[in-house]
Amino acid sequence: MMRINKLKLSIISLLITGVFLSGFYYLWLAPRYTVPILMYHSIGYGEGSLIVTPENFNRQMKYLKSKGYEVISLDELLKIIESKKRVKRNKVVITFDDGRRDNFTYAYPILKHYGFSATIFLITGLIRKNSKDNERGFFLSWDEIKEMSNYGVVFGSHTKTHLDLGLNTNEKIVLEELAGSKKVIEKEINKPADFFCYPSGLFNQVTKELVKKVGYKGACTTNRGYIK
């Protein structure tokens, strides 16, 4: 009888230890899933490292859909970060920098086809007044922006003039770039512009603090370098 009881105790101890070690691994040691932010600029035809063809963009969106990825907003991502909870490994964010016209012409129909949304960061000083205005022909018009906004595309700021915020420490100039662009977007689409994207991913401590001061919930940048 003593041997049987000892055997039972040993088995129970091993089970408890296994559960503890498994929990410790998954809660503390296992790598946490970092939600990728897919950054695009131009969806169209031409030369340049920032251009993705519509066919290639469609293949990428089709891949996300077929693999069961859920496209979430930056606001949803911020809530995940603040909660410090683990997230399923099927979340992804889609963003576009600059607010180019081909985002509407090519990217928007593809996003709608797959039921995806995205965030577009606008250089507000380059936005066309309406769809007939060709003065800034490479960039979106407010008509196009409003249509996409009504669908569910989110708009944030990329400054007024694409100013380099890594070198500029003039608070008056930087504030106008940050607050001025935010104000224009919110006035035109009647929705909050809660997120900002640093031009070329550049910032310094001054501009970082001013982004908070203006009232943005968060800001996007890039990790520069090469992946080996």
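Author: Helices are DSSP runs of H or I with at least four residues, strands are E runs of at least two, and they are numbered from the N terminus. The structure discussed here is a predicted model.

Reader: Which residue follows H4, and what is the value of its phi?
Author: Helix H4 takes in residues 102-114, and the residue that follows H4 is glycine 115. The phi of glycine 115 is positive, and its value is near 75 degrees.

Reader: Against which strands and helices do the buried residues of H4 pack?
Author: The buried residues of H4 include Phe104, Ala107, Tyr108 and Leu111. An α-helix has 3.6 residues a turn, so residues three or four places apart point the same way. The partners against which the buried residues of H4 pack are strand S2 (42-43), helix H2 (54-66), strand S5 (91-98), strand S6 (119-122) and helix H5 (142-151).

Reader: Does histidine 41 count as buried or exposed, and why?
Author: Histidine 41 lies in the loop between S1 and S2, and its contacts, leaving out residues up to four places away in sequence, include Phe96, Asp98, Asp102 and Asn103. The relative accessibility of histidine 41 is 12%, and buried means under 20%. Because of that 12% relative accessibility, histidine 41 counts as buried.

Reader: What is the phi of aspartate 98?
Author: Aspartate 98 lies in strand S5, and it is buried because its relative accessible area is 6%. Although aspartate 98 is a residue other than glycine, its phi is positive, near 95 degrees.

Reader: What is the phi of histidine 162?
Author: Histidine 162 is placed in the loop between strand S7 (154-157) and H6, and it counts as partly exposed because its relative accessibility is 31%. Histidine 162 is not a glycine, yet its phi is positive, at about 65 degrees.

Reader: What separation do the C-alpha atoms of lysine 191 and serine 149 have?
Author: Lysine 191 is found in the loop between helix H6 (171-189) and S8, and with neighbours within four places in sequence left aside it is in contact with Ser149, Asn150 and Glu186. Lysine 191 and serine 149 are 42 residues apart along the chain, and the separation of their C-alpha atoms is 8.7 Å.

Reader: Which element gives the largest share of the lining of the largest pocket?
Author: The largest pocket has a volume of about 950 Å³, and 37 residues line it, with Cys197, Ala219, Cys220, Thr221 and Thr222 nearest its centre. By class, the lining has 19 nonpolar, 11 polar and seven charged residues. Among the elements that each supply at least two lining residues are strand S1 (37-40), helix H3 (74-83) and strand S9 (218-220). The largest share, four residues, comes from H3.

Reader: Among contacts in the chain between residues at least 6 apart in sequence, what percentage join residues at least 24 apart?
Author: The chain has seven helices and nine strands, and of its 228 residues 38% count as buried. Among contacts between residues at least 6 apart in sequence, the part that joins residues at least 24 apart is 64%.

Notes. Residues numbered from 1 in each chain as written. Predicted model: local features only at pLDDT ≥ 70, side-chain atom pairs only at ≥ 80, totals over all residues. Heavy atoms only, no water. Expected span 1.5 Å × (residues − 1). Buried < 20%, exposed > 50% of the residue type's maximum accessible area, 1.4 Å probe, protein only. Contact = heavy atoms within 4.5 Å. 1 Å grid on protein atoms, 1.4 Å probe; cavity = no way out; pocket = protein on both sides within 12 Å on 5 of 7 lines; lining within 4 Å. Points joined across faces, edges and corners; volume = space filled by probe spheres on them. Nonpolar A, V, L, I, M, F, W, Y, C, P; charged D, E, K, R; others polar.
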